[in-house]
Amino acid sequence: MKKEILIVVSFVALFLSSCDKKSGNKGVINSDSSENVILADNGKIDSTVGYNVDINGKKSIKTDYVYKATDGALVKVVYNYDPEASNVTITSNKKTFILDKVKSTGTETTYEKGEMKATAKGDSLILHQGENIIELVKTKI
């Protein structure tokens with residue numbers, strides 16, 4: 001019995017000493033914060049950008065959210081942060097509007113097209129269409 005315990009203890013000690021502490025947990029995805037950093041028009045990191053990260057750790061710069069209006073209507077909003085075509089797509093009641101990014105301060109981004117204007121700040125999106133102002137809040141479904 002003592003011999004079996006000694007063998008098990010020796011095996012565990014050998015196993016623990018062979019572990020390389022520098023390699024870390026291989027289940028943790030390390031991210032490089034320097035890649036795909038989106039800057040606001042003022043040169044600072046744009047806090048309004050939300051990345052999607054897939055299982056391999058690859059970031060995508062197109063994200064979609066569901067917002068809720070004050071009247072309870074749900075609105076799908078897709079942000080495209082591609083530097084060549086930075087815009088927002090707003091879909092509600094089977095109507096889709098695509099607005100181009102016109103400026104960003106890092107905490108607030110403004111999109112416009114024609115008479116429609118959208119301002120994204122934190123979890124809110126405020127739409128201006130002519131005299132109408134529609135306030136939306138990001139929601140989880």
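This is a predicted model: local features need pLDDT of at least 70, side-chain atom pairs count only at pLDDT 80 or more; totals for chains, interfaces and linings use all residues.

User: What stands opposite isoleucine 90 in β6?

Analyst: Phenylalanine 97 stands there. Strand β6 covers residues 95–104. Six bridges join β5 and β6, and the two run antiparallel.

User: How many residues lie between the strands in the hairpin of β5 and β6?

Analyst: For a hairpin, look at the linker, then at phi. Two residues lie between β5 and β6. Asparagine 93 takes a positive phi near 50° in this hairpin.

User: Which residue in the turn between β7 and β8 has a positive phi?

Analyst: Glycine 114, with a phi of about 60°. The hairpin of β7 and β8 has two residues between its strands. Six bridges join β7 to β8, residues 116–121, in antiparallel order. Glutamate 108 is placed opposite lysine 121 of β8.

User: And which residue has a positive phi in the turn of the β8 and β9 hairpin?

Analyst: There, glycine 122 has a positive phi of about 60°. Two residues separate β8 from β9. Strand β9 spans residues 124–129 and runs antiparallel to β8, with six bridges joining them.

User: How many helices and strands are in the whole chain?

Analyst: One helix and ten strands. From the N terminus, the order is α-β-β-β-β-β-β-β-β-β-β.

User: What share of the chain is buried?

Analyst: Burial can be read for the chain, then residue by residue. Of the 141 residues, 23% count as buried. The accessible surface comes to about 10400 Å², and carbon and sulfur atoms hold 55% of that. Contacts give another view. Among those with a separation of 6 or more, 30% are between residues 24 or more positions apart.

User: Where is alanine 85 placed?

Analyst: Alanine 85 is in the loop between β4 and β5. This residue is partly exposed, with a relative accessible area of 34%. The C-alpha atoms of alanine 85 and lysine 101 are 8.5 Å apart, while the two residues are 16 apart along the chain.

User: Now the rings. How is a pair of aromatic rings described?

Analyst: Two values do the work: the distance of the centres and the angle of the planes. The count in this model is three aromatic pairs. Tyrosine 79 and tyrosine 81 have ring centres 6.0 Å apart and planes at 5°, so this pair is stacked. Tyrosine 79 is buried at 4% relative accessible area. Tyrosine 81 is buried as well, at 5%.

User: Why is the pair of tyrosine 79 and tyrosine 111 tilted?

Analyst: Their planes meet at 50°, so the pair is tilted, with centres 6.0 Å apart. Tyrosine 79 lies in β4 and tyrosine 111 in β7, residues 108–113, so the pair ties together parts 32 residues apart in sequence. Both tyrosine 79 and tyrosine 111 are buried.

User: Which residues do the ring pairs link into a cluster?

Analyst: Tyr65, Tyr79, Tyr81 and Tyr111.

User: What lies over the face of tyrosine 65?

Analyst: Check for a charge above the ring as a separate step. Lysine 138 lies over the face of tyrosine 65, at 3.9 Å from the ring centre.

How values were computed: Residues are numbered from 1 along each chain as its sequence is written. Side-chain values use heavy atoms; hydrogens and water are left out. Helices (H or I, at least four residues) and strands (E, at least two) are DSSP runs, numbered from the N terminus. Buried means under 20% relative accessible area, exposed over 50%, partly exposed in between (1.4 Å probe, protein chains only). Contact means heavy atoms within 4.5 Å. Accessible areas come from the Shrake-Rupley method with a 1.4 Å probe; for residues, only the protein chains shown count as cover. Two strands pair if DSSP finds at least two bridges between them. Rings of Phe, Tyr and Trp (its six-membered ring) pair if their centres lie within 6.5 Å; planes under 30 degrees apart count as stacked, over 60 as edge-to-face and the rest as tilted. A charge sits over a ring if NZ of Lys or CZ of Arg is within 6 Å of the ring centre and within 35 degrees of the ring normal.
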